[in-house]
Amino acid sequence: MSTPQPTAVIGGGIVGICTAIALAERGAPVCLIDRDAPGQGASMGNAGVISPFSVVPQSLPGLWRDIPRWVLDPSGPVHLRPRHIPRFLPWALRFLRAGQRDRVEATAAAMHALNHDNVMLYRQLLTGTGHEDLIKDSYYVMASRAATPARLDSFTNQLRLKYGAELEAIDAAALRDLEPALSPAFESALLIKAQARALSPGRICEVLADKLRGMGGTVVQASVTGLLRTDEDWQINTDSGPIRAANVVLAAGAWSARLLTPLGIDVPLEAERGYHLAFPDTPVTLNNSVMDTDMKLVASSMEGALRVAGTAEFGGLETEASPARAQALAKVARKLCPDLAEAQYETWSGLRPSFPDSLPAIGPIEGQPGLIAAFGHSHWGFMMGPKTGRLAAGLAMGERPNIDLSRYDPARF
């Protein structure tokens with residue numbers, strides 16, 4: 001009897017790892033392919049927030065008013081490389097249209113479907129690995145320089161409340177008690193409770209990749225150069241030779257669109273560069289995940305370092321990281337926590353795959369039998385990874401999904 005062909009998962013980030021584990025749990029042979037070690041790209045570089053209540057997309061009503069200020073501020077949260085402007089503008093127009101109120105409400109429902117049980121799913125994934133302590137209960141502290149506490153009846157907070165978030169608006173004194181390392185310039189905060197944070201996103205990926213191997217899954221380190229549909233299966237061309245697979249789950253993040261183009265498929269996927277700084281030798285400790293709501297920066301104490309993550313830089317796949325953006329992030333970080341003033345830091349940068357409507361592509365790709373999309377998670381890939389993995393694995397196995405996937409249709413644009 002011949003050995004059944006595996007399902008290949010292209011992309012070893014958290015989405016790909018979770019997909020491969022979900023396939024292995026179903027008894028399917030699975031091969032995970034990535035040019036790097038599993039989980040060492042954007043999946044390891046994030047702020048580690050795991051929030052069931054992340055239902056607020058990037059584009060919101062009235063956001064357009066803030067964009068010029070953000071782009072023109074050298075320390076601002078958004079940077080656009082001039083050479084990329086012509087290619088970026090069509091994406092930006094779609095992004096702004098996605099911020100209409102009715103569209104935001106529909107997007108929030110779709111985000112909730114992927115996030116609402118993410119803490120539980122991570123704990124299930126880590127059970128029995130000996131590394132269950134890599135997930136820690138946490139608040140999300142959205143710190144503000146405004147003296148007036150956040151209104152719970154705002155549009156975005158009403159979205160969070162609709163999906164079960166427990167919110168509390170606190171003043172400067174309560175914020176100081178909760179996070180004494182923050183600058184006194186922050187005079188209020190919104191607390192989002194009952195969530196968690198990762199103490200090392202990269203190590204979680206390593207642990208889960210080891211779990212996959214222990215379940216019989218194969219991990220191949222190779223660069224995928226192309227996809228070819230034959231009469232019977234898929235041929236995945238790599239720099240180490242071809243791999244044959246019955247089905248393919250495409251979870252290659254920002255590089256997914258490049259693999260689809262030769263198949264005649266065009267998707268509006270932006271490679272959005274993000275940065276983080278790690279301060280390894282500092283006495284500064286944060287008790288929760290903390291966002292500077294003005295500068296859109298998130299900080300969290302992790303294993304061995306305080307991590308500060310932020311900025312969205314649009315410049316395409318081939319653009320190198322900018323030392324100036326890292327320096328700008330350091331400047332903002334030191335305003336968040338003044339005791340970081342003399343602290344040395346290490347820099348990391350990676351590419352987020354972003355669609356203009358803040359939702360990923362999950363589902364069969366039209367006209368390509370056995371090819372399933374699982375990419376484009378923007379700022380929420382680490383949060384959405386476990387649920388996306390289960391959905392993509394189910395589709396590869398011919399299962400009927402238990403949620404409506406139309407909002408994530410790869411052909412929706």
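The legends below describe several close-up views of a predicted model.

**View 1. Helix H1 and the glycine that follows it.** Helix H1 covers residues 14–25. Its 12 residues should span 16 Å at 1.5 Å a residue, and this agrees with the 16 Å that separates its end C-alpha atoms. The helix is mostly covered, with 11 of its 12 residues buried. The buried residues in H1 are Ile-14, Val-15, Gly-16, Ile-17, Cys-18, Thr-19, Ala-20, Ile-21, Ala-22, Leu-23 and Ala-24. After H1 comes Gly-27, which has a positive phi near 85°.

**View 2. The crossing of helices H1 and H11.** Two packed helices are described by the angle between their axes and the distance between the axes. Helix H11 is formed by residues 381–396, and its axis comes within 7 Å of that of H1, with a crossing angle of roughly 40°. The two helices, H1 and H11, are therefore oblique to each other. Their crossing is right-handed. On the H1 side the contact is made by Ile-14, Val-15, Cys-18, Thr-19, Ala-22 and Leu-23. Among the residues that H11 contributes are Gly-381, Phe-382, Gly-385, Pro-386, Gly-389 and Ala-396.

**View 3. The packing of helix H4 on helix H11.** H11 also packs with helix H4 (residues 101–115), at an angle of about 80° and with the axes 7 Å apart. H4 is thus roughly perpendicular to H11. Met-111, Ala-113, Leu-114 and Asn-115 of H4 meet Met-383, Met-384, Lys-387, Thr-388 and Leu-391 of H11. Thr-388 of H11 also belongs to the contact with H1.

View 4. Strand S12 (residues 247–250) is covered on both faces. Asn-247 and Val-249 lie on one side, Val-248 and Leu-250 lie on the other, and all are buried. In a regular strand the side chains alternate between the two faces of the sheet. Strand S1 (residues 7–10) runs parallel to S12 and is joined to it by four bridges. Within this pairing, Thr-7 has Asn-247 as its bridge partner. S12 also pairs in the parallel sense with strand S19 (residues 371–375), over three bridges. Here Leu-250 stands opposite Ala-373 of S19.

**View 5. An open sheet of three strands.** The strands of this sheet have the order S9-S10-S11 and pair in the antiparallel sense. Its edge strands are S9 (224–229) and S11 (243–245), each of which pairs on one side only. From one strand to the next, the twist averages 20°. Five bridges connect S9 with strand S10 (residues 234–238). One of the paired residues is Gly-226, whose bridge partner in S10 is Asn-237.

**View 6. Arg-197 and its surroundings.** Arg-197 lies in strand S7 (residues 188–198). Its relative accessibility is 3%, so Arg-197 counts as buried. Beyond its neighbours within four places in sequence, Arg-197 has contacts that include Gly-48, Ile-50, Leu-134, Lys-136, Asn-287 and Ser-300. The C-alpha atoms of Arg-197 and Arg-160 are separated by 18 Å, the two residues being 37 residues apart along the chain.

**View 7. Helix H8.** Helix H8 comprises 14 residues (residues 201–214). At 1.5 Å a residue these should span 20 Å, in agreement with the 20 Å between the end C-alpha atoms of H8. Pro-201, Gly-202, Ile-204, Cys-205, Val-207, Leu-208, Ala-209, Lys-211 and Leu-212 are the buried residues of H8. Just after the helix, Gly-216 adopts a positive phi of about 100°.

Terms used:
Residues numbered from 1 in each chain as written. Predicted model: local features only at pLDDT ≥ 70, side-chain atom pairs only at ≥ 80, totals over all residues. Heavy atoms only, no water. Pairing = 2+ DSSP bridges. Axes fitted to C-alpha atoms, helices over the stretch in contact; angles between N-to-C directions. Expected span 1.5 Å × (residues − 1). Buried < 20%, exposed > 50% of the residue type's maximum accessible area, 1.4 Å probe, protein only. Parallel < 35°, antiparallel > 145°, perpendicular 65-115°, else oblique. Left-handed = near helix turned anticlockwise from the far one by under 90°. Contact = heavy atoms within 4.5 Å.
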